[in-house]
Amino acid sequence: IDSDDYLLPHAIRYMLDALHAYPKADIIVGNVRMGNDNTSLMPWLQTATYITDNVTIMFDMMHYRLNKYAWNKLIRRRLALQFDVNIRINEDVLWSYQVLQQTSSVLLIPQETYYYTENPTSIVNTMISTDLAEKNIRSYIALCRYLLCHPLPMQPYGRRLEVDYLLFVCNNIMQGVDLCKKGNVSRNVLADFHSLKNKFVNTCISRKRLLIAVFSLNMYWPLTTLLNFSAFRRLYFYMEKVVGKMSHMTDFVHG
């Protein structure tokens with residue numbers, strides 16, 4: 001639990017009741033009350049949703065429909081993994097990527113069990129000093145290198161999630177690109193980050209996902225300067241969806 005968050009009343013009871021109703025569930029996830037605007041994280045969740053297909057589980061995680069946070073989950077002990085100590089921010093992303101591949105079922109319950117506070121002074125939102133910025137960029141480098149070196153295996157995912165996986169990695173690299181603008185970063189770290197971006201583009205080309213490779217040029221200067229404009233940020237996410245749909249249309253070529 002983050003230091004400025006807390007479990008809501010009856011949180012554990014709600015999860016245990018859900019476990020009794022679905023005894024084979026590997027992970028149970030409660031809804032979240034967002035403290036900054038007093039809304040629900042999953043307003044669409046009105047009844048319990050039981051997902052028993054691992055491909056769907058990974059798809060939902062990479063599309064942020066299944067939240068990547070380690071908190072607010074009842075999880076089987078055999079699935080619990082340690083965090084990677086080399087990643088100091090967004091360590092939940094790697095943890096979720098590893099854990100959910102071993103998960104055969106996830107139950108989402110509509111009851112709010114966790115209160116989340118958006119903290120503007122948190123590690124994620126504070127990138128002023130050179131040292132802090134560099135550590136955070138290194139975290140993204142470590143995360144994305146792992147994702148590129150440990151792609152989703154052909155079984156059971158095959159080509160069905162290749163596009164989603166590549167865009168998921170791209171999205172995390174772009175978050176690192178955004179961080180570079182919020183603090184001074186040394187040339188050595190920038191060189192490592194540039195090498196990572198090149199590795200991603202080469203991965204896309206080697207998999208013959210040329211449309212994603214072209215789309216990933218947004219992570220290079222001077223196109224990165226467009227991130228300064230809110231209108232482009234909104235357009236970027238729209239373009240990402242379009243690229244994903246168009247890339248999936250050619251899945252049969254890669255079968």
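This report describes strand pairing and cysteine residues in a predicted model.

## Basis of the description

Residues are numbered from 1 along each chain as its sequence is written, and side-chain values use heavy atoms, with hydrogens and water left out. The model is predicted, and local features need pLDDT of at least 70, side-chain atom pairs count only at pLDDT 80 or more, and totals for chains, interfaces and linings use all residues.

## Strands that pair with β6

Strands (E, at least two residues) are DSSP runs, numbered from the N terminus. Two strands pair if DSSP finds at least two bridges between them. Strand β6 covers residues 106–116, and two bridges join it to strand β1, residues 6–7, with the two running antiparallel. Within this pairing, L7 has Y114 of β6 as its bridge partner.

Strand β2, residues 27–34, pairs with β6 in the parallel sense over seven bridges. Here I27 stands opposite V106 in β6. Strand β4, residues 49–51, pairs with β6 in the antiparallel sense, over three bridges. The bridge partner of T49 in β6 is L108.

## Cysteines

A disulfide is a pair of cysteine sulfur atoms within 2.5 Å. By this rule, the count of disulfides is zero. The cysteine sulfur closest to that of C144 belongs to C170 and is 9.3 Å away, which is too far for a bond. C149 is likewise in no disulfide, as the nearest cysteine sulfur, that of C144, is 11 Å away.

Residues are called buried under 20% relative accessible area, exposed over 50%, and partly exposed in between (1.4 Å probe, protein chains only). C144 counts as buried because its relative accessibility is 0%.

How values were computed: Helices (H or I, at least four residues) and strands (E, at least two) are DSSP runs, numbered from the N terminus.
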